[in-house]
Amino acid sequence: MAFLGALLAQALHLALILAAAPVLTGLVRWLKARMMGRRGPSPLQPLRDLAKLLRKRPLLAENASPVSRAMPYVAAGAVVAAAALVPSFARGMALAPLADLLLVAGLLALGRVAMALAGMDAGTPFGGLGAAREMSFAALAEPALVVAALSLAILAGTTNFDGIAAAFRDGGLGLRVSLGFALAALLAVALAENARIPVDNPATHLELTMVHEAMILEASGRHLALWDYAAMLRLALWLSLLAAVFLPFGQAPAGAAPHLWALGLLAWVAKMAGLALALAAFESAIAKMRVFRVPEFLGAALLLGLLGAVLLFVSTGLA
Amino acid sequence: MSFGQIGYDLAHLLGGGVLLLSFVLLYQRRIGALINAFAMQGTLLALAAAWAAHAQGAPGLHLTAALTLAAKGVLIPLALHATVRRLDLHRAVETALGIGPSLVAGVGLVALAILVVLPATEGARALAREDLALALSVVLLGMLMMITRRNAISQVVGLLSLENGLILAAIGVAGMPLVVELSAAALVLMIALVAAVFAFQIRERFDTLDTASLEEHRGERR
Amino acid sequence: MLTLLALLAVLLLALGAAAPLLARRAGRARAAFGATAAAGLLIAAAGLAGLLGGPAALDLPLGPPWGPMRLALDGLSAWFLLPLGLVSAAASLFALGGVRAPMAPRRLLPWPAFLAGMLLTVLAADGFTLLLGFEAMSLASWALVAHEHAAAENRRAGRIYLGFAGFGGLCLVLALGLSAGGAGDVAFAALREAPPEGWRAAAVLGLVLAGAGSKAGLFPLHVWLPLAHPAAPSHVSAAMSGAMTKVALYVLARFLFDLMGPAQPFWLGAPLIALGAASAVIGALRANLEEDSKTLLACSTIENVGLIAIGLGLALAFRGADLPALAALAAGAALLHVLNHAMFKTLLFLAAGEVLHGALSRRLDRLGGLIHRMPWTAWAALVGVAAAASLPPLSGFASEWLLLQALLAAWRVGDLAFQIGVAAATALAALAAALAAAAMVRFWGLVFLGRPRSPRAAGAEESGGAARLALLLPAGLTVLLGLAPGVMLALAAPALRLMAGAAAPSAGGLVVGAAEGGARYWPLPVALLAAAAIGGLWWLVRRRAPAGVARGPAWDCGFIAPPAHLPFGDPATQPSAAGFAQPLRRMLGESLLAAQEHVAMPPPGATAPAVLRAGFADPALAALEGPLPRWREALASRAERLRDLSIRQNLGLTFAAVVLLLALLAALEAG
């Protein structure tokens, strides 16, 4: 019986996050437009864009290999698998024992490598440029993620999402400085992974600002629909991850009754809307930084996470 | 006191905020942003002093808080902004050691401060030990800033943030007499004044505030 | 079992001795390689039997004047026989496929001797046998590295390799001497009776790190690896990276975990963790900047050896801090990575060998688009690349996950300085893993994707038969090992009990775990989940979207039409090896590897083009070639410069004095 409940929760969660991802991206774009004084497209526009792209036949370069045809599915599938693992409105879903922070990072890395390889497939300079920059930014963002996971693992004793959320809700951790540092590090990693300002500009197709866009420059038709959907899902996943770890109130505990799920759902929607507003405000206020300042940014995030872990050693030694 | 109690948490947060701002000072490349970050550090320090006054029940610390806010939060940053405008200085901070290596050295210094302070203060209260470790880190980071920046204004900011660390240490220890703080504050104000005059003189004579250019006018050429 | 293996070693030596006869005909050479492949499989099977059965010992009837040579097979040596056997089999199979004509005896003779030397080292139960096997392994591989001595760079590689091999052997001799003490008996049983203490333990640790560590490729004694691997034939490079480095790590593990006794303090693991982290970062960064495919893979070996060293160091520290479950976790991560790395690195080197044979070049700037001409090689190499980049659900991710879990739990040791050091090591290990992923994407993308950069790459052909089989077998094993790490950890239980005193935590068939109540990794369900997601998406898109693709020419960004002799496009319109490496060269290469980009402009009015030169220098290699005179000069001129310091530098001197005194204070308090 409990297992059926967990299975139902997992299915609902998957359907929720798969459907909400394009709407979330549309919401962020609409909010940014409003902040800039424009009317902005409707938040449902990404759904229409995806439907339009699915109707078209892709155009590939003559020397493109099966890599260009397979990698969109691999990347999108990896992000879907990761999204199934990050809890949203309830804990104790069917796949919760699998849901590990390092595993989610690994699945996202799989998606990133697939995108880089697809970018290099046609042999055009932009694809190689985007792939090189993406992999080098990831080289600095991954350690920042692992060091933030170190702080979380020390506090919660595990890197499993349900374990971390349980420790934060019931463990009496208080407002620790280390958690603030870990949050700052994870925010920087989230900005880098989702290709948002100040690391990359998601709204442009100009050369100098492209990292993510450069890799999918050659894609069209249903392949481009898959790449775009993977990017939207990745944004929803990261916002959901930040909410699950740092804003765990409202999440229904394991084995709860369905009315608690409804409460969790409302809480999740509110958190997503709040985070989308914060993201839109941040992107409208900051300018994109030069490409070769990004490693300083990510390096500072890494060192901040390391500092948080060091301060945590001090307090676990004392308290 | 331990985590989960609001007093400990808030003191911890404010001290950690001052340390974070020391790192932000090391990260900056523009003088305007540097002075603003320093002003924010002064404000946060004043808040920490006010909270310590409330938590320790020492009303004298309220005076420290007001003094810090007035001097470090408002007056000195305004004076520095005015200096920069009047001397029409180059708005970028030239670094002798890159931003990345400076930050790495900063983290190393924080680790060193922790490794020195914790074994030396066995038996004291937990809050006092951590505050002391944070304060020593801020002092060391201020020193790091002084020796890895070429611009005289940024070296002055480093010295002032070093003094912020000393004030942070004084706040954490209960029962510190006010006289020491007042004299320390006066001393630093005088140093700041002298530094401003000095900077003005350098700028008058050599048309630049890069202290590296002073080397050409020493006794023997290298 | 042991008698079988001893006989096998003798047979291999005999095979090597008969090489001048066998090399005269291609068929006989193929038979010789087939025999070594069969020997490799036998070794692997013996390792499996040794893990499932119990320990065994054997005294040989011959030996030095002071006693017979002893052999022994316990859990640790049985585990290391697995990668040795499998790598030897795959490499021999590849060499078999590569024999097309009668070969020179000097290429055939050392190969069985190399395998025999490695076998002897792993089975040794006394110091003399260990050193005999170690030196035989070094000498035989040197002969293979230097086989093409016509080229000057190969001669330099052989020289440096021989120097390091001799240095390593000397350090091991000294280490054995120090361990044996006054008694002079170097049998392992006698060494276990009298473990070293205090300064003697530290000295033995240092010597073993220098000796075995240099053979494995630990920083800063790693410089011979990237020079020797391109010079050797492909199957030898695969065996050196996959098997020889593992045998060196076995010697390290044997000394630190077995011969030095169980009562060593926890800080003995700290130098190993530090050197491992440094090797990992330098190796991965160099792999991103290298322009030769085999040098790139050799640098990747350095990185993986660094990660294994971190695991071994953590296991040592946990054992010293009396945390056996965590020690088993760290040791399990290290042992699993030994096997996984052996498999995927062999696969990658053999694929590079195929590419070298088909496209006649190792340089990344001369390859490209080989996925069309050499599909089997490309897809097999993709499995190796994904494993090397630690992507789930392959084998590289499983061992990387375990290692990270061990690092995330390392703070439980309790000492504050150690905790801070290990936090830094965690950041460095994660940095190395991410850099490795970038290097592997660069390698596979530049070699197999895009368009050919030279006519020879456009006409590459791949060889089928034994060479293809030699690629498919490690690829299949990589996938299997990735799906069943729990089974492998359960198999490794005798080795883990010897190293850590406990079996790996929660090692079942389907799951590996971090600790009691900690996180778990379920590879098979994760693979099924990912496959279901990909399959579901494919089905959905197929229903909604029209089938098929249209083709058009690739946009070449407005370059002029390519010349007639390059019908596949101008290579300048594609990313080059140095160009792809530019972001990392500027971000990390400038500070760590003295990387630089230099534009040489012609004088105004000249019509010659400007030249962009990008390069870097490994600090360890630069320090090796010409250190002493330069240090003397530098010291003298530094002392001169103290006279003319600027204001800022004077402040810096004061600051340095303060920091030094504080550090002294910290050290005195901690000690």
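This is a predicted model: local features need pLDDT of at least 70, side-chain atom pairs count only at pLDDT 80 or more; totals for chains, interfaces and linings use all residues.
For its 319 residues, a compact globule would have a radius of gyration near 20 Å, and chain A agrees with that, since its own value is 20 Å. Computed along the principal axes, the C-alpha trace of chain A spans about 60 × 45 × 45 Å. Its secondary structure comes to eleven helices and one strand.

Now turn to chain C. Here the secondary structure comes to 29 helices and seven strands. The radius of gyration of chain C is 26 Å, close to the 26 Å that the globule rule gives for 671 residues, so chain C is as compact as a globular protein of that length. Its C-alpha atoms fill a box of roughly 80 × 75 × 60 Å, again taken along the principal axes.

With both chains in view, let us look at where they meet. On each side of this contact there are 73 residues: 73 from chain A and 73 from chain C. The size of an interface is often given as the accessible area lost when the parts come together. Between chain A and chain C about 6,300 Å² is buried, with 78% of it on carbon and sulfur atoms. Three residues stand out on the chain A side: A:Tyr73, A:Met120 and A:Phe313 supply 10% of the area that chain A buries against chain C, more than any other three residues.

Which parts of chain A supply at least two residues each to the side that touches chain C? They are the strand β1 (59-61) and the helices α3 (66-85), α4 (101-121), α5 (125-156), α9 (221-246) and α11 (294-318). Of these, α5(A) gives the most, with 20 residues. Sorted by class, the side of chain A that touches chain C has 50 nonpolar, 13 polar and ten charged residues. There are zero salt bridges between chain A and chain C, while the count of residue pairs in polar contact, with both residues at pLDDT 80 or more, is 14.

β1(A) pairs in the parallel sense with strand β5 of chain C (residues 550-552), over three bridges. To find the pairing in the structure, look for A:Leu59, whose bridge partner in β5(C) is C:Ala550.

Chain C also touches chain B, and this contact takes 18 residues from chain C and 23 residues from chain B. The area buried between chain C and chain B is about 1,900 Å², and carbon and sulfur atoms give 74% of it. Within chain C, the residues that lose the most area to chain B are C:Asp644, C:Arg648 and C:Phe655, together 33% of what that side buries.

Which helix of chain C gives the most to the side that touches chain B? That is α29(C), with twelve residues. Both α29 (647-670) and α19 (416-448) of chain C supply at least two residues of this side. Its residues divide into 13 nonpolar, two polar and three charged. Between chain C and chain B the count is zero salt bridges, and one residue pair is in polar contact, with both residues at pLDDT 80 or more.

Note on methods
Residues are numbered from 1 along each chain as its sequence is written. Chains are lettered from A and ligands numbered from 1 in the order in which they are written. Side-chain values use heavy atoms; hydrogens and water are left out. Contact means heavy atoms within 4.5 Å. Buried area is the accessible area (1.4 Å probe) that two parts lose on being put together, summed over both. A salt bridge is a side-chain nitrogen of Lys or Arg within 4 Å of a carboxyl oxygen of Asp or Glu. A polar contact is a pair of N or O atoms within 3.5 Å; within protein, one must be able to donate a hydrogen and the other to accept it, and residues adjacent in sequence count only if both atoms are side-chain atoms. Helices (H or I, at least four residues) and strands (E, at least two) are DSSP runs, numbered from the N terminus. Ala, Val, Leu, Ile, Met, Phe, Trp, Tyr, Cys and Pro count as nonpolar, Asp, Glu, Lys and Arg as charged, and the others, Gly among them, as polar. Two strands pair if DSSP finds at least two bridges between them. The radius of gyration is taken over C-alpha atoms; the globule rule is 2.2 Å times the number of residues to the power 0.38.
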